[in-house]
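Biologist: I have a structure open and would like to talk through one part of it with you. Could you take a look with me?

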Amino acid sequence: MNSNRLVLTGEVTEVAELRYTPAGIPVISLTLKHASRQIEAGMQRKVECEVPAIAMAKLAEKAKGLKAGDIAEVAGFLAKRSLNSRQLILHINELEIIEKG
Amino acid sequence: MTILRVALDVPLARLFDYLDTGSGVQPGQRVLVPFGRRQMIGIVMGRHASSDMPDAKLKPIDRAFVDENPLPAPTLKLLKFCSDYYHYPFGQTLLGVLPPRLREGEPAALPVNMGFRLTPLAMTEGIESVPKRAALQRTLFEALQQSPILTQAMLTRITPGWRPALKQMIAKGWVEHVAITAPLSSPIAPSPATQMLNSEQQQALQNMLDAGPDFNVWLLYGITGSGKTEVYMHLLEAMLQTPERQALVLVPEINLTPQLESRFRARFPGLSIVMLHSQMNESERLHGWLRAQNGEARIVIGTRLSVFTPLKNPAVIIVDEEHDSSYKQQDGMRYSARDVAIMRSKMANIPVLLGSATPSLESWHNAQEGRYRLLTLSQRAVSSAALPDIHTIDTRIVRPEDGVSDVLLKSMESRLERGEQSLLFINRRGYSPVLLCSACAWVAPCTRCSARLVVHLRQRRLRCHHCGHEQRIPPQCPSCGNPDLHPTGHGTQRLEEVLAQRLPNARILRVDRDSMRRKHAIKEMTAQVHANEVDILVGTQMLAKGHDFPNLTLVGVIDTDSALFSPDFRAAERLFAQLMQVAGRAGRAEKPGVVLIQTNFPDHPLFHALHRHDFAEFANSLLDERRMAHFPPYCHEALLRAEATDYAPVRAFMGKAQGLARDFSQHVTVYDPVRPQMERLKGMEREQVLIQADTRKSLQQFLQAWVPLLRDLPQANKVRWSIDVDPSEY
């Protein structure tokens with residue numbers, strides 16, 4: 001059960017302030033709004049979703065430059081927000097800024 | 001042939017016989033003796049004609065310190081009592097209370113003080129021989145006629161420009177420079193700083209003076225700011241009028257001694273005052289001890305350990321903040337300095353004065369029963385200073401953000417606008433008490449204690465506040481690998497950070513053990529606050545006691561709820577005392593003070609009593625609970641503790657110990673061994689057995705039978721064990 005990878009392009013809607021873990025690793029939270037056309041049951045459809053994401057270390061420094069309205073392509077893995085939460089969060093391990101908004 | 005019976009610092013409940021090689025050393029004097037392959041310092045307890053040991057086995061002493069003053073018999077008697085009462089080997093008791101220098105093999109003496117006195121020539125010629133126009137010389141001549149020897153300090157007090165005049169007098173052969181051998185006694189100078197007592201203070205003082213110089217235990221119950229210290233000083237002034245009498249003043253904390261010292265020195269400029277506490281260097285401690293012993297020091301101010309300081313001619317003992325837990329020694333001989341002070345006063349037949357705004361329930365109970373005599377100060381000494389208003393903030397309704405509720409923050413803001421000071425009290429140093437992984441709920445544990453590591457964010461360290469263990473903050477959760485670890489909960493550092501964000505114009509000073517580590521940090525802090533260079537103090541219990549900041553009008557208390565539900569039956573008593581004390585920091589001068597306590601349980605009776613400043617009612621209701629539950633002071637307790645790196649030997653020892661106890665436990669209750677709240681501490685697995693008895697006598701009889709058997713248990717060698725009589729922590 002090793003597969004956990006999500007690739008997503010989206011518009012940045014929120015970027016939180018950069019913070020640091022107690023050990024000094026930079027962390028940033030952001031939200032991506034995704035809208036696209038996908039194939040389902042052999043037919044094309046519209047898809048929209050908003051995905052909370054988090055980036056750390058160098059990727060956090062890179063994500064710090066993002067502003068609402070920017071388009072980014074990210075890849076990463078999903079994990080629940082905290083031990084007793086059912087909410088998912090995308091942990092970014094690849095980040096590419098496609099277009100400055 | 002003379003046999004010396006010598007007390008040595010070894011964990012055996014007996015004395016050791018040595019041969020005197022003709023030194024003539026007396027009981028109470030020090031000897032250096034061979035012990036095994038080492039040499040040890042011992043105290044001679046007696047000279048005898050014979051020994052139970054065969055002559056061939058007796059070794060001669062290596063050295064005798066015959067020139068030193070022997071420890072006085074009353075001191076030895078007191079220590080013998082303590083050794084018996086606390087069931088701690090006499091040799092360790094005795095050597096343990098000596099200043100470190102007296103435990104070393106070097107002679108201990110006071111530095112030679114030099115002074116000036118009149119020569120026989122001057123005595124015969126008289127003051128007439130001094131020319132009338134040499135006014136300064138005449139003044140000095142008169143002064144030297146009045147007291148046999150004057151030191152440089154004394155001369156400076158008479159006239160700062162004494163040097164040239166005295167030089168001429170020496171040249172004329174009227175004055176000589178000599179070593180001072182006998183202690184100087186100077187009369188109590190009229191004090192420049194005398195304050196008028198109010199009628200309650202006067203009444204308390206008069207009651208004590210009327211009762212005379214004999215043994216009496218006085219409990220001075222005075223609300224915060226009621227001027228207890230002023231009563232102490234008037235009492236000392238009266239008791240020390242008799243030349244050569246001495247007073248011992250015990251204070252709970254080293255931090256408080258500098259303030260008290262300067263007040264006493266200002267008040268009694270003519271008296272030699274000696275300070276004794278563990279932060280002094282070894283020679284200062286030795287000299288203080290020797291000056292107290294030879295009678296030169298008229299007032300000895302010190303912490304717990306100074307209760308044993310020998311005094312040549314004691315007149316009175318004062319125990320300030322008698323309820324304070326620091327009076328209880330928590331290792332070695334686990335004595336209570338307050339209780340020892342009472343016993344010492346009884347032996348010396350002198351009065352002892354216990355002072356507190358929140359007396360311990362033990363003392364309060366004794367006063368209610370008439371064993372102690374209660375003196376009450378119910379008004380603040382500064383007549384315009386009202387007691388602070390104490391209110392709770394219900395944190396179930398007003399959720400505090402970042403630890404500080406809006407109500408509290410607004411109150412601090414308004415103080416800031418008025419140029420007044422606030423104090424935020426939180427009894428937890430560091431940034432946050434827990435480092436939590438939100439992904440798997442791991443918290444950073446101490447590997448050596450049953451405790452969590454505290455986050456010290458600025459240093460990026462985790463520290464155990466119990467054993468001192470320290471490590472880097474891990475970059476990721478050791479359990480699941482998540483790097484996003486969360487400091488959870490609030491400590492002083494975090495609160496300081498939060499306030500700096502919320503009140504950016506405020507000058508904030510953090511006061512805790514970490515920030516006050518440097519030697520004069522506390523003195524500097526006090527000066528800064530007095531100079532109004534600080535708007536907000538964020539601090540731990542360090543700030544709760546003794547400080548007198550006239551411009552401080554608000555005290556906020558963060559998170560005390562854990563103490564409300566502690567398994568320790570003394571927790572409520574301690575919390576009340578602590579909150580009363582910290583509340584007492586507010587509004588000590590003309591400006592009224594306010595105290596705001598954040599709690600989830602605003603209806604707790606403790607807060608109602610606090611609101612009404614009603615210690616008496618609270619104490620009486622706690623005493624009722626204790627009576628019903630049959631807890632101290634309605635029973636007497638001892639605790640056997642044992643610890644080892646592994647649990648098995650602890651278990652084995654405790655099992656045996658409990659078995660032995662059954663044989664003579666008719667008059668005591670012996671509970672089953674249990675793990676204390678801190679099961680592991682400093683890498684040691686711990687367990688304890690509680691013993692309760694209706695009377696002190698039956699408890700002592702039981703311990704006298706039981707403890708020697710414990711010493712002989714083979715299992716005792718595999719563990720560290722101790723007996724704690726009248727334990728204060730479990």
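Biologist: Which residue in strand 25 of chain B does I390(B) stand opposite?
Modeller: In this model, which is a predicted one, I390(B) stands opposite V595(B), a residue of strand 25 of chain B.

Biologist: And how many bridges join strand 15 to strand 25 there?
Modeller: Strand 15 of chain B is joined to strand 25, residues 594–599 of chain B, by six bridges, and the two strands run parallel.

Biologist: What sheet do they belong to, and in what order do the strands come?
Modeller: They belong to an open sheet of six strands in chain B, ordered 15-25-24-16-23-22, with parallel pairing. Strand 15 (389–394) and strand 22 (508–511) of chain B each have a single partner strand, so one side of each is left without a neighbour in the sheet. On average, and ignoring direction, neighbouring strands of this sheet are turned by 20 degrees against each other.

Biologist: Which helix packs on the sheet?
Modeller: Helix 13 of chain B, residues 406–418, packs on it, touching strands 15, 16, 23, 24 and 25 of chain B, and its direction makes about 165 degrees with that of strand 24 of chain B.

Biologist: Changing topic, how many helices and strands are in chain B?
Modeller: Chain B has 21 helices and 30 strands, and 54% of its 730 residues count as buried.

Biologist: What about the radius of gyration of chain B?
Modeller: For chain B it is 29 Å, which agrees with the value near 27 Å that a compact globule of 730 residues would have. The C-alpha atoms of chain B fill a box of roughly 90 × 75 × 55 Å along the principal axes.

Technical notes:
Residues are numbered from 1 along each chain as its sequence is written. Chains are lettered from A and ligands numbered from 1 in the order in which they are written. This is a predicted model: local features need pLDDT of at least 70, side-chain atom pairs count only at pLDDT 80 or more; totals for chains, interfaces and linings use all residues. Side-chain values use heavy atoms; hydrogens and water are left out. Two strands pair if DSSP finds at least two bridges between them. Helices (H or I, at least four residues) and strands (E, at least two) are DSSP runs, numbered from the N terminus. Axes are lines fitted to C-alpha atoms, for helices over the stretch in contact, and angles run from 0 to 180 degrees between N-to-C directions. Contact means heavy atoms within 4.5 Å. The radius of gyration is taken over C-alpha atoms; the globule rule is 2.2 Å times the number of residues to the power 0.38. Buried means under 20% relative accessible area, exposed over 50%, partly exposed in between (1.4 Å probe, protein chains only).
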